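Dear colleague,

My notes on it follow.

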Amino acid sequence: MAAVLSSVLSGGFVMTLVSAVQAQSTETVRSPILVVDSEQLYVGSAFGKRVARDQSRLSAALVAENVEIEQELSAQEQSLTERRATTPAAEFRKLADEFDAKVQATRSRQLGKTQALTQLLEQQQVVFLQSAGPVLENLMRDAGAAVLLDRRNVFFSADAVDVTGAAILRIDATLGEGAPLAAPKNAPPVE
C-alpha cells in the first residue's frame with residue numbers, strides 16, 4: 001500500500017487533484033452529491049444578517065421596556081410600603097393585592113412579547129428555507145447533483161463539494177435581505 005501511495009504521490013497525482021479542486025472552486029461544481037452548511041447558509045446570507053440585526057434591535061427595545069417597567073413597579077412598591085404604616089390593614093391588603101395582580105399581569109404580558117419575538121424569528125427561518133429551496137434546487141441542477149446534504153450529517157467530504165458560498169451568493173441575489181421585522185404587538189398573556 002505504501003509503495004502504491006508513494007508512486008501516486010511522486011507521479012503528480014496530488015498536484016492534478018489540487019488543480020482540479022481549485023478549478024472547481026471558481027466554476028460550477030459538477031458532482032452528484034453536494035454539501036452545504038445550513039447554519040452558515042442562514043447566518044451568512046443577507047436575509048439572515050438582516051434578521052440578526054432586527055433581533056438585536058427588537059431585543060434591546062424589549063429589554064429597555066422591561067427596565068422601565070421594573071423601575072415604575074419598584075417606585076410603586078416603595079410608595080405602597082411607605083403607606084403601610086398609615087393605611088388600615090383591610091385597605092392596605094386590597095392595595096397590595098391590586099399591586100400584585102398588576103405585577104403578575106405585567107410579567108405575563110412581557111413574557112408573551114418575548115415568546116412572540118422568538119416565534120417571529122423562528123418564522124423568519126422557515127420563510128428563508130422555503131424561499132431558498134428553489135435556489136438550492138437550481139444550484140443542484142446546475143451541478144448535476146441528485147443529493148444536497150447538510151455538512152453536519154456528513155462524516156467526511158472534499159471541500160470542493162461544499163457549495164455553501166455559492167448558495168449564499170445565489171440566495172442573496174434572489175432574496176436579498178427580505179422585509180424588516182416589526183416589533184410584536186401586545187402579545188396575549190401566557191397562561
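A word on terms before the findings: a residue is called buried when its relative accessible area is under 20%, exposed when that area is over 50%, and partly exposed in between, with a 1.4 Å probe and protein chains only. Please bear in mind that this is a predicted model, in which local features need a pLDDT of at least 70 and side-chain atom pairs count only at pLDDT 80 or more, whereas totals for chains, interfaces and linings use all residues. Residues are numbered from 1 along each chain as its sequence is written, and side-chain values use heavy atoms, with hydrogens and water left out.

The pLDDT, which is the predictor's confidence in each residue on a scale from 0 to 100, averages 84 over the protein chain, and 82% of the residues score at least 70.

As to the overall layout, the protein chain has 6 helices and 2 strands, which run α-α-β-α-α-α-β-α from the N terminus on. These elements are DSSP runs numbered from the N terminus, with helices (H or I) of at least four residues and strands (E) of at least two. Of the 191 residues, 28% count as buried, and among contacts between residues at least 6 apart in sequence, 87% join residues at least 24 apart.

Helix α5 covers residues 89-143. The expected span of a helix is 1.5 Å times one less than its number of residues, so the 55 residues of α5 should span 81 Å, and the 79 Å between its end C-alpha atoms agrees with this.

Ala143 lies in α5 and is buried, with a relative accessible area of 4%. Leaving aside residues up to four places away in sequence, Ala143 touches Thr28, Val29, Arg30, Ser31 and Leu34. Its C-alpha is 9.6 Å from that of Val161, a residue 18 places apart from it in sequence. Just after α5, Gly144 takes a positive phi of about 70 degrees.

Turning to charged pairs, I use salt bridge for a side-chain nitrogen of Lys or Arg within 4 Å of a carboxyl oxygen of Asp or Glu, and by this rule the count comes to 9. One of them pairs Lys113 with Glu65, the closest N and O atoms being 2.5 Å apart. This pair links distant parts of the chain, as Lys113 sits in helix α5 and Glu65 in helix α4 (residues 46-83), 48 residues apart. Lys113 is buried at 9% relative accessible area, whereas Glu65 is partly exposed at 29%.

Arg152 and Asp150 also meet in a salt bridge (2.8 Å, N to O); here Arg152 is exposed at 58%, while Asp150 is buried at 15%. In the salt bridge between Asp159 and Arg151 (3.5 Å, N to O), Asp159 is exposed at 61% and Arg151 is partly exposed at 26%. Elsewhere, salt bridges that share partners join Arg50, Asp54 and Arg57 into one network.

With kind regards

Methods. Contact = heavy atoms within 4.5 Å.
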